[in-house]
Amino acid sequence: MVAAVLLAGCAVFPQGSYWRAQEPPRPEIAPAAARAAPSEAELQEAITQRWTSEDLARAAQRMNGWIGRAVYADAMQILVWCYAEPVTYRELVVAGLESLRVALDNPTFRARFPAAKETARRTVFAEALDILILKARAADPWFACQAADWLAVAMEKNRALLGLPDGAVVAEFLFGAMDRLDPYTRFMTTEMLRDYEQQSRGVYVGIGAEIAERGGRFFLSHIFEGGAAARAGLAPGDEITAVEGGDVAGWSLPELSRRLRGKAGTSVTVTIRPRGEGEPRQVRLERKIIRVPPVRDAQILDEPRKVGYVRLTGFTPGAESRLRRALAVLSAQGARALVLDLRDNPGGSLEEAVGVVGVFLARGRVARMRGRMLGATWTYGVPLLSGRGWRGPVVVLVNENTASAAELVASALLDRAGATVVGRRTFGKGAVQICLPVDWGASAVCLTIARLYDEQGRCLDGRGVEPSRDVPDGGAPPVLLHDDPVVRAALDVLRAGAPQGASTSSSGAKRENFFKNGALDDR
């Protein structure tokens with residue numbers, strides 16, 4: 001298995017070059033063992049979120065102990081060998097035990113598994129887990145099979161004292177271990193893996209609408225032709241106030257998206273307030289497969305000054321080529337300046353993102369990633385034969401939901417292409433993930449194998465990109481782009497002829513010394 005993992009690490013990063021061995025490591029992210037463990041409230045939230053998944057509940061009911069033990073051992077070996085920072089079997093075992101212990105007090109977990117509702121038996125099992133946690137903290141397993149022995153003991157205690165399905169115990173050991181590492185490392189069942197692969201290709205199963213968050217409220221920002229939202233007569237600017245009768249106040253955008261997605265053919269009841277101010281009404285929407293184009297809305301925004309606009313929604317396959325075609329059309333229409341909208345862009349393929357940077361830059365390094373796995377320490381540069389597709393001024397729009405590869409593009413255009421970044425500070429996800437199969441490919445571990453650094457050597461994880469001009473999105477997403485305050489601010493920058501790239505996040509001297517002597521610089 002380890003050999004397969006190492007080969008996979010080489011195969012997924014074909015473009016760029018390795019860092020030189022003499023470059024001294026200067027990690028900005030603490031090793032997993034040194035980070036604070038999630039609080040009980042955070043664990044409760046994570047447990048509630050995962051056990052609302054019907055797919056996970058079915059997988060837990062089907063899994064038997066022997067298969068679960070093999071899957072767990074394989075997953076723990078992947079984490080210890082391939083995670084971006086050092087992690088030990090002991091902390092993974094303890095995290096799994098603690099997650100199972102907290103799950104016993106979780107209402108959603110109890111609702112899934114009636115055995116957990118029996119107070120007396122649950123109390124006895126909880127006490128047994130407390131003892132196991134103390135013993136595990138004092139132990140030091142060196143191999144994955146030894147970590148799996150702790151899972152076997154927990155399953156034996158469960159069978160004798162409580163009676164949960166073996167799969168429920170295995171799931172908490174798996175997810176608890178990964179909750180200890182970061183928000184992006186997770187275990188995926190067969191169904192979850194299939195959904196993940198579809199989303200990486202820009203294919204979603206949902207209501208046929210794009211959602212935007214504005215001030216803690218959720219609005220439809222784009223309606224896809226042929227989707228359920230379009231058939232129901234919903235329009236951009238309509239507000240979602242509840243899903244299946246549950247108020248969305250306090251939810252995150254990813255949580256709302258997760259609730260709206262599901263299997264094709266299933267339905268979800270959504271409460272809609274027209275334009276965010278009308279009388280709410282309930283709409284039953286049938287989920288269906290939607291293909292989301294990575295590039296859309298290419299148009300001339302300011303005809304007298306020939307300012308073009310294009311929105312990049314994600315870095316799915318074909319994003320670079322579609323962007324080049326859109327810019328070619330805008331250039332043919334006379335566009336001399338560009339507004340590139342990366343708001344609500346969650347990222348995607350790192351190679352597509354590097355290719356997009358190559359549309360605006362002729363040559364040079366774009367980003368670095370650093371990890372422990374073979375192939376995870378890598379320098380990305382503009383492809384030699386890519387050719388620039390745009391040479392005029394650029395303003396990049398970002399917000400709190402601009403993440404991962406989209407942040408890398410914004411940072412590269414700010415520092416290398418002289419772009420002005422307008423909007424709000426970005427999400428701050430500088431973690432690179434790949435999915436490695438376990439259980440002969442039936443499930444997978446999607447884990448963080450490296451941290452992502454921008455052109456100036458700054459780790460984007462937890463940092464984000466600071467805009468040159470801080471402009472809030474405002475209220476509901478406007479129907480017309482000219483009514484969007486961030487777009488108006490971008491047009492003001494271009495009309496005023498302000499110096500491009502004037503940012504508080506880096507100095508001109510730093511740009512000139514970018515990657516000087518191959519060393520990271522975060523002063």
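Tutor: Helices H5 and H7 are roughly antiparallel to each other, a label given to angles over 145 degrees, whereas angles under 35 count as roughly parallel, 65 to 115 as roughly perpendicular and the rest as oblique. The model is predicted, so local features need pLDDT of at least 70 and side-chain atom pairs count only at pLDDT 80 or more, while totals for chains, interfaces and linings use all residues. Residues are numbered from 1 along each chain as its sequence is written, and side-chain values use heavy atoms, with hydrogens and water left out.

Two packed helices are described by the angle between their axes and the distance between the axes. For H5, residues 89-103, and H7, residues 119-138, the angle is about 165° and the axes are 9 Å apart; the axes are lines fitted to C-alpha atoms over the stretch in contact, and angles run from 0 to 180 degrees between N-to-C directions. Helices here are DSSP runs of H or I with at least four residues, numbered from the N terminus. The crossing of H5 and H7 is left-handed, meaning that the near helix is turned anticlockwise from the far one by less than a right angle.

On the H5 side, the contact (heavy atoms within 4.5 Å) is made by Arg90, Val93, Val94, Leu97, Glu98, Leu100 and Arg101, and H7 contributes Phe125, Ala126, Leu129, Asp130, Leu132, Ile133, Ala136 and Arg137. By class, this contact of H5 with H7 has ten nonpolar, five charged and no polar residues, where Ala, Val, Leu, Ile, Met, Phe, Trp, Tyr, Cys and Pro count as nonpolar, Asp, Glu, Lys and Arg as charged, and the others, Gly among them, as polar.

Conventions. Helix = DSSP H or I, 4+ residues; strand = E, 2+ residues; numbered from the N terminus.
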